[in-house]
Amino acid sequence: MARKIVVANQKGGVGKTTSSVNLAASLAVMEKKVLVIDCDPQANASSGLGVDGDNAPLSLYSVFFEPDKASEAVMETSSPFVWLIPASQDLVGAEIELIDKIGREYFLQDVLRSIEDEYDFIILDCPPSLGLLTLNALCAARELLIPLQCEYYALEGIAKLLNTYEQVRARLNPRLTILGVLLTMYDVRNKLSRQVKKEVRKCFPDKMFETIIPRNVRLSEAPSYGMTILSYDIKSKGAEAYLSLAKEVVTRKAPAIAA
Ligand code: ADP
Ligand code: MG
């Protein structure tokens, strides 16, 4: 059974998508079979993996309400051993269609059910909100990875995210655990970055990943070529960091299967 990791933070631009695709590619280098689910209608994870979601034959939206078809929506990507269910703009509609559905938080869980056995890891990249798409991803996954950008307001909004996490655990998905908090866009020369690291460590003494993702221009260039950092520049600091993160993720024990 796949380890299912949801990458969430309702703030935009904190490194969710960058971390989703590059962690996926780095796990694949470790010979893991990885499936990325792009849960964001902006489809950045899809394009970052070389797939145009709006022109794909099927997308997450096509199978959202027809989970039996899920395997048909899985595509190959520019990255070996990484597969993808792409997002398209019409995924915005799913959020609205879900509103009056019974069990509206569990549709994505059903989508994963029929395909999860084929992969070692499933990574769910969330949109920048705590709406129904993110809630579906939090209910479909077992482990939560929270990227935090090293900037002045890094911890702002984190209380709301943790509150949502607690509510999801209490009411919807008691098996969800926090895999780790990942600092992104770290700049060693910047005093603020170092302060944020200290603060976050105080907040999450045993949940912070040892690996810290540096600010690295190669990481921001790779998606415009539809490539992960490993295909684009394997020697970069960014590639080194995501490979090290993948090692940590593999070593951090998967939560026990029993509820
Ligand atoms: P989110 O998915 O949380 O909105 P992204 O992963 O799309 O965030 O990142 C936001 C922007 O910052 C993108 O342009 C991305 O290329 C860039 N970026 C992300 N991580 C880094 C990094 N470590 N160094 C430099 N640029 C980064
Ligand atoms: Mg994103």
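Both faces of strand β5 are covered in this predicted model, with F121, I123 and D125 buried on one side and I122 and L124 buried on the other. The strand spans residues 121-125, and five of its five residues are buried.

**Strand pairing of β5**
- Strand β1, at residues 3-7, runs parallel to β5 and is joined to it by five bridges; within this pairing, F121 of β5 is the bridge partner of R3.
- Strand β2 also pairs with β5 in the parallel sense, over five bridges, and D38 stands opposite D125 of β5.

**The buried side of helix α4**
- Helix α4 covers residues 91-98, and its buried residues are L91, A94 and L98; because these cover an arc of only 25 degrees around the axis, they lie on the same side of α4.
- The elements that cover the buried residues of α4 include strand β2 (34-38) together with the helices α3 (60-64), α5 (107-113) and α6 (132-140).

**The largest pocket**
- The largest pocket holds about 390 Å³ of space, and it is lined by 23 residues, of which T18, M185, L219, S220 and P223 are the closest to its centre.
- At least two lining residues come from each of α1 (16-29), α2 (44-48) and α9 (217-221), and α1 gives the most, with five residues.
- By residue class, the lining divides into 11 nonpolar residues, 11 polar residues and one charged residue.

Technical notes
Residues are numbered from 1 along each chain as its sequence is written. Chains are lettered from A and ligands numbered from 1 in the order in which they are written. This is a predicted model: local features need pLDDT of at least 70, side-chain atom pairs count only at pLDDT 80 or more; totals for chains, interfaces and linings use all residues. Side-chain values use heavy atoms; hydrogens and water are left out. On a 1 Å grid over the protein atoms alone, a cavity is a set of points where a 1.4 Å probe fits but cannot get out, and a pocket is an open set with protein on both sides within 12 Å along at least five of seven lines; lining residues have an atom within 4 Å of a point. Grid points are joined across faces, edges and corners, and a volume is the space filled by probe spheres set on the points. Helices (H or I, at least four residues) and strands (E, at least two) are DSSP runs, numbered from the N terminus. Ala, Val, Leu, Ile, Met, Phe, Trp, Tyr, Cys and Pro count as nonpolar, Asp, Glu, Lys and Arg as charged, and the others, Gly among them, as polar. Buried means under 20% relative accessible area, exposed over 50%, partly exposed in between (1.4 Å probe, protein chains only). The arc is that of the directions from the helix axis to the C-beta atoms. Contact means heavy atoms within 4.5 Å. Two strands pair if DSSP finds at least two bridges between them.
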